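Hello,

Here is the structure you will be working with. Please load it and read the notes alongside.

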Amino acid sequence: EALYEAHSHGIIHRDIKSENIMVNSKNQIKVMDFGLAKLRGSLHLTKTSSTVGTVAYMAPELIQGGEADARSDIFSFGIVLYEMLAGKMPFRGEHEAAIMYSILNEEPQPIENFNNNVPSGLTQILKRALEKNPDARYQSMRDVVNDLSLLQSGGALLSASAHRDGRKRFTGISKLLRPVILIPALVVLGAAVAGLLLLGRGDITIDSIAVLPFENLGAPEQEYFADGLTDEVSTRLSGLSGLGVIARTSAFQYKKSTKPIEQIGEELGVAYLLQGTIRWGKGADGAERLRVNPQLINVAERTQVWSQSYEAVLSDVFKLQSEIASQVAAALDVTLLLPERKALETKPTNNPEAYDAYLRGKNYFLRSFEEKDMRIAEEMFQKAVTLDPNFALGYVQLARAHASLYWGHYDRTEERVLKAKVAAEKALQLAPDLSDAHVAMGYYYYHGRLDYDNAQREFDIANKLQPNNVDVVSGIALVRRRQGKMEDAIANLLKAVDLDPRSSDLLRNLAETHLLVRNYSEAERYYERALSLAPDLLGLYVQKAQLYLLWEGNTAKSRRVLEEASQKLGGIQHPLIVYLWITLDIVDQKYEDALHRISTSSAKSFESQLSFIVPELLYAQIYGLMHQPQQERAYYDSARIRMEELVRKQPEDPRFHSALGIAYAGLGRKQDAVREGKLAVEQLPISKEAFRGAYRVADLARIYAMVGEHDAAVQQLELLLSIPSWFSKPWLRVDPTWIPLHNNPRFQKLVEEKK
């Protein structure tokens, strides 16, 4: 797959007959034939062969008489990689026995001893590939190629989905990697090795598959069960290293679809589709039984690869799910590793009623982020674990529901956060090796504590257990973004989009992250792609409208986006839309229009739906721009009264301190204003929260500008422009917030347009 994409972009040229791999003249590197030739000699290329090739390239488990699997091949790849980088073999001896002893007992000399141009990231990849314990090694060649691609993500090679989209990788990679021209060649070698393995080994073949929603042939009220069973089969398949499984969000868009199989396969970018039907009926014993008829379709050939009819009582549904997943793997010639086989055979609960409650809860949890659905999901998950106190997956989802209720500002109490922690800890206690349990704990740290280091640790553990879980990959991406590690965030979001190509939310996050690093053309492209999938998603229009303000300071383009939103969404007047219209009116000096919008009934819902917006401060700013000081002061005082009350009730919320500081500044209370603005920055520093921390810095800059500390204000703006943020020079030039700084030389230099 990686070889195909590179060839399609003109990056490499592959002669199938000679197996030559050539990087184009841009990089001036040739990956020599000896690497692939030696690797081919070292690989266990057939399931029946007992030979393993050249001793110098053998994995430890083969020397000890064990069986070869994908990880054995990866060890061989690591040896070839080491040899190419160092010019020497990692394990040496004068005869075969000495070489075998070295492989079993000795560590290779540090690669830096022979080549000091190797980046530390590549050294880590090499070390993991050469782990003597197979369980500590990469589990599939796909993972090796992914890591090489991530390391090289500022270069020429693209991922498979990048080929489909024509997208370019984010180019803001560390300068330390830019001069290192060996990385692209190694990605090519890794891709070539992956291609060689795909041709010769059934146990590591990376097949792509989507599990389409099974059709419910029963009563409408049983729809949740059909969706739940589909989701569980997909989850079990996604745990297999030899399969690339499209995530639920994308697959479920084809529920009851009449599109041809080949069109669905093309849109999802998969080779196989699993579909089926579910109905309930009475068995010979009079008991209600579940009847499932799955079938596996080869998209390109439009043929049925496998199908089978199953009948089971509800208590046997897990065995049924495992059987379907196992049969699909067998039909695709994917050999299961022992941990994967064990995972498939796991039975999450012995209580059918608990499982039914769990499926009902997941149905609501995945339906929307609305409070009503989250509350019902919580109730169902709580019922599931009450019925079966040993139901680890039930505790996982209960923890996720609690964290979501807190994160969505539906319940911002400490009690809610602790409930998420207790449920996640219980899940880990019951199933310490369950990837989803670590995801639940990760979201407790992420959403409940803003503790990104611990969240990252949990997501990393989950990723090792289940590397193709889109929840894990997207969790890593979003935590990286909060940590300010935007390159990592973009790389992981690209991988998440590979797994879930029709998720408008992932595309929105990818667009938003490009926006934060001021890669506006890429941001625009991903917003447009997301809107093509979800033209009814209001937030996409809002962010795209904001994009043009940041990119060009262009209010006309922003207005056109909002007008498009109004046409497609039936004239909706959501507070978020109203707020952006107000912003545009203020910038365009249409102050009466702005005042009218604030006074409308829909805008009054700012306080309930958009707690970060303070209408009194908007009124005060507008009256100040209209040179009506009496009204301006009255609204600043109203804002002060309300913010002081909120600060008393929620002193830990930095937003309220920022707003109070702005109100104080408007009233001329300089010392109080600066104190509150600094306190907000201290409560949510950029070092802790790169994403939202920038807003607190911007508010402090505004306070400094209002109280006459212009150099201090510019210093904060300089910081904002030096880091990823929702601020740009074009926006600072047109935003009237910074009018007090227009005569400041430092500000003028800061926002001047480079020619």
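This is a predicted model: local features need pLDDT of at least 70, side-chain atom pairs count only at pLDDT 80 or more; totals for chains, interfaces and linings use all residues.

Numbering runs from 1 along each chain as its sequence is written, and side-chain values use heavy atoms, without hydrogens or water.

Overall: the protein has 37 helices and ten strands (DSSP runs, H or I of at least four residues for helices, E of at least two for strands, numbered from the N terminus). Of its 755 residues, 56% are buried (under 20% relative accessible area with a 1.4 Å probe, protein chains only; exposed is over 50%, partly exposed in between).

Rings: Phe, Tyr and Trp (its six-membered ring) pair if their centres lie within 6.5 Å; planes under 30 degrees apart are stacked, over 60 edge-to-face, the rest tilted. That rule gives 17 aromatic pairs. Tyr224 and Phe225 are edge-to-face, with centres 6.3 Å apart and planes at 90 degrees. Both Tyr224 and Phe225 are buried. Tyr443 and Tyr446 have centres 5.9 Å apart and planes at 25 degrees, so they are stacked. They sit in helix α19 (residues 435-449), three residues apart, about one turn of the helix. Tyr443 and Tyr446 are both buried. Ring pairs also join Tyr355, Tyr358, Phe365, Phe381 and Phe391 into a cluster.

Charges over rings (NZ of Lys or CZ of Arg within 6 Å of the ring centre and within 35 degrees of the ring normal): the charged end of Arg128 sits over Tyr138, 4.2 Å from the ring centre. That of Arg248 sits over Phe252, at 3.9 Å.

Best regards
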